[in-house]
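Hi everyone, thanks for making time this morning. I'd like to walk you through one structure, so let me put it up on the screen.

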Amino acid sequence: MRIRSPRASSPAHRLLLLVILMMGLLILRLAWLQLFQGSAFLGQSRDNQFLEKRIPSARGLVLDRQGQALALNVTACELSLSRRALESDSTLAPIICRILDWPEKRLEALYQEALEEKLSRIVLERDLDQERILRVEERLPDLPSLRLRDWARRTYPRGELAAHILGYVGEVSREELETWRGSSRAYFPADLMGRSGVERRYQDRLRGQDGKELFLVNARGSLLQTVERLEPVEGETLRLSLDIGLCAVLDSALAEWGLGAGVVMDIESGDLLAAASRPAFDPNFLSGGMTATEWNKLREDPSRPMFNRVLQAGYAPGSTFKPLVALAALEEKLLHRSSFEPCGGGLDLGTRYFRCWLSSGHGKVSMESSLERSCDVYYYQIGDAIGVDPIADMARRFGMGSRTGLDLGSEQAGLVPDSDYYNRRFGKGRWTRGYAWNLSIGQGEYLCTPLQMAIVYAGLARGDILPSPKLLLGESLPSSRRAKKLGIEEPHLRRIRKGLFRVMEGPLGTARESAVPGIPSAGKTGTVQNPHGLEHAWFCGYAPAKNPRIAIALIVEHGEHGTDIAPIFSRLVEYWLRERGEF
């Protein structure tokens, strides 16, 4: 017989076991939360108590070499409207248009753009004037779908001046937000990003470092007190090598002609003192926010105002290239011979007649006078004697056919054709001597930029090295970009310089009428055939002729004759030396 314990089977005993079991489970759960999930819950608890607010950093300033502001920040007031509110309330559009003095078509256009870009808010104005700010503020209580926001607008006080060098900024795109998301340098909506020029090249240095402020909040989210504040670090102030006064002289001179570009370079340091590309654009419009219609109109302008002709346009150098051809002949010991035919206005090559620009001819000329008078026939004979490769080698020694490496980017390398180029293009030996003739006067397939030609003339002026251009004042270049030795025999350079001096100072010089009284200078005129219209005009040179300080390259599209644009060179030389008290 089994004897069952009356205690073990009693209801009280079963209840006690159940309580013990539940207590054990509770203790295990508490231990789990405390030991393994305590840190996570502590963090959540802090998030519920503290609110972190980002303090955007101010973008760094851009100054010229004299300290004058080229790009700065001003506070602007932006007005935006909820797109959903506009869609749901048919009375809202007329009210908004009355407040802003707008025709309804303008609001409709902005709505369509926001719809296409899937934006939740329609930006009505990026820089609202004071009168309309007051009008909007009066209506804000009954129009909660409107929002006013202060932001730091990027401003360019010089407008179009040096616009292609400075560039412009725009708000970060959705793709850029995603790209940077989660990184220590993440961007946030409405942040500015450099889109071209210095603004783009030095985006990281100009951007600065955001700050933050930590607040204690209650359960309803109301701010109780500031716990911590980390001040933002303003972006770096960049000082450029440009002189904005010299830029203004260059820009206004080019504007008189319409389309063109120019560069002024310090021969010793490589500093870019002035650069202009015409036509230009006003970066204030781009940075202030423009409609898609306005943007498309700017981009489709046939004169291409956004195109930086200083760095990106490729032109044949025309007669400004002749000094390098003469130098190649001197280095090849060719000009010790005196077998060249006198210029009679042209020269036959097979069935083709190569004309000189002066149909009556220059007669017998020396190397120096060939530069002074820009005789084409003289150079046809050099090209025929030495062929394309020595000329191409000399062009490359002076940096043509390669990017200069200027700290701006988006630069064209250009083209220097040689025998390999023509063999690839036409087949080995299937091209004629006429190509060398054409190249010897700077025509044909050559492509070079105004910046490259400024460096060529800086090299001719110095003789020992080829300076490397730079844009930031006082910063040294990396070793890969430092000036390169030219290795040209000094007697040869002296002959070239003598010829360039006679272009401006000689009795028959093609630019003698643009000589600067009291400042003997050196230069070369050039004309480039243009299959699409009037010929392009070049002028390149340096000054003073003795102890040169600056090199200048100028091109005017459809300007026809280099002689006609030589006065721009003279104005730049006179301004620069007068400002420095040297004239």
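Let's start at Leu460: setting aside residues within four places in sequence, Leu460 is in contact with Pro323, Leu324, Leu327, Phe398, Leu493, Ile496, Arg497 and Leu500. Before I go on, please keep in mind that this is a predicted model.

Where does Leu460 belong? Leu460 sits in the largest nonpolar core, which has 133 residues. Together with Phe398, Leu460 has the most contacts inside that core. There is also a second, separate core, this one of 24 residues, and Leu92, Cys97, Trp102 and Leu146 are among its members.

Is Glu125 buried or exposed? Its relative accessibility is 13%, and buried means under 20%, so Glu125 counts as buried. And here is Trp102 again: not counting residues up to four places away in sequence, Glu125 touches Cys77, Glu78, Leu79, Trp102, Arg106 and Arg132. With one of those, Arg132, there is a side-chain to side-chain polar contact at 3.4 Å. Glu125 and Leu148 are 23 residues apart in sequence, and their C-alpha atoms are 9.7 Å apart in space.

Now for a sheet. It is an open one of 3 strands, in the order β1-β8-β9, with antiparallel pairing. Which strands stand at the edges? Those are β1 (50-55) and β9 (223-230); each has a single partner strand, so one side of each is left without a neighbour in the sheet. On average, neighbouring strands here are turned by 25° against each other, direction ignored. Looking at one pair, β1 and β8 (residues 211-217) run antiparallel to each other over 6 bridges.

My last stop is Ser374, in the loop between α15 (367-373) and α16 (376-386). Why do we call this serine buried? Its relative accessibility is 5%, and the cut-off for buried is under 20%, so Ser374 qualifies. What does the serine touch there? Leaving out residues up to four places away in sequence, Ser374 touches Ser319, Lys322, Trp357, His362, Ser369, Thr510 and Lys524. The side chains of Ser374 and Lys524 are also joined by a polar contact of 2.8 Å.

Methods. Residues are numbered from 1 along each chain as its sequence is written. This is a predicted model: local features need pLDDT of at least 70, side-chain atom pairs count only at pLDDT 80 or more; totals for chains, interfaces and linings use all residues. Side-chain values use heavy atoms; hydrogens and water are left out. Buried means under 20% relative accessible area, exposed over 50%, partly exposed in between (1.4 Å probe, protein chains only). Contact means heavy atoms within 4.5 Å. A polar contact is a pair of N or O atoms within 3.5 Å; within protein, one must be able to donate a hydrogen and the other to accept it, and residues adjacent in sequence count only if both atoms are side-chain atoms. A nonpolar core is a set of buried Ala, Val, Leu, Ile, Met, Phe, Trp, Tyr and Cys residues joined through side-chain atoms within 4.5 Å. Two strands pair if DSSP finds at least two bridges between them. Helices (H or I, at least four residues) and strands (E, at least two) are DSSP runs, numbered from the N terminus. Axes are lines fitted to C-alpha atoms, for helices over the stretch in contact, and angles run from 0 to 180 degrees between N-to-C directions.
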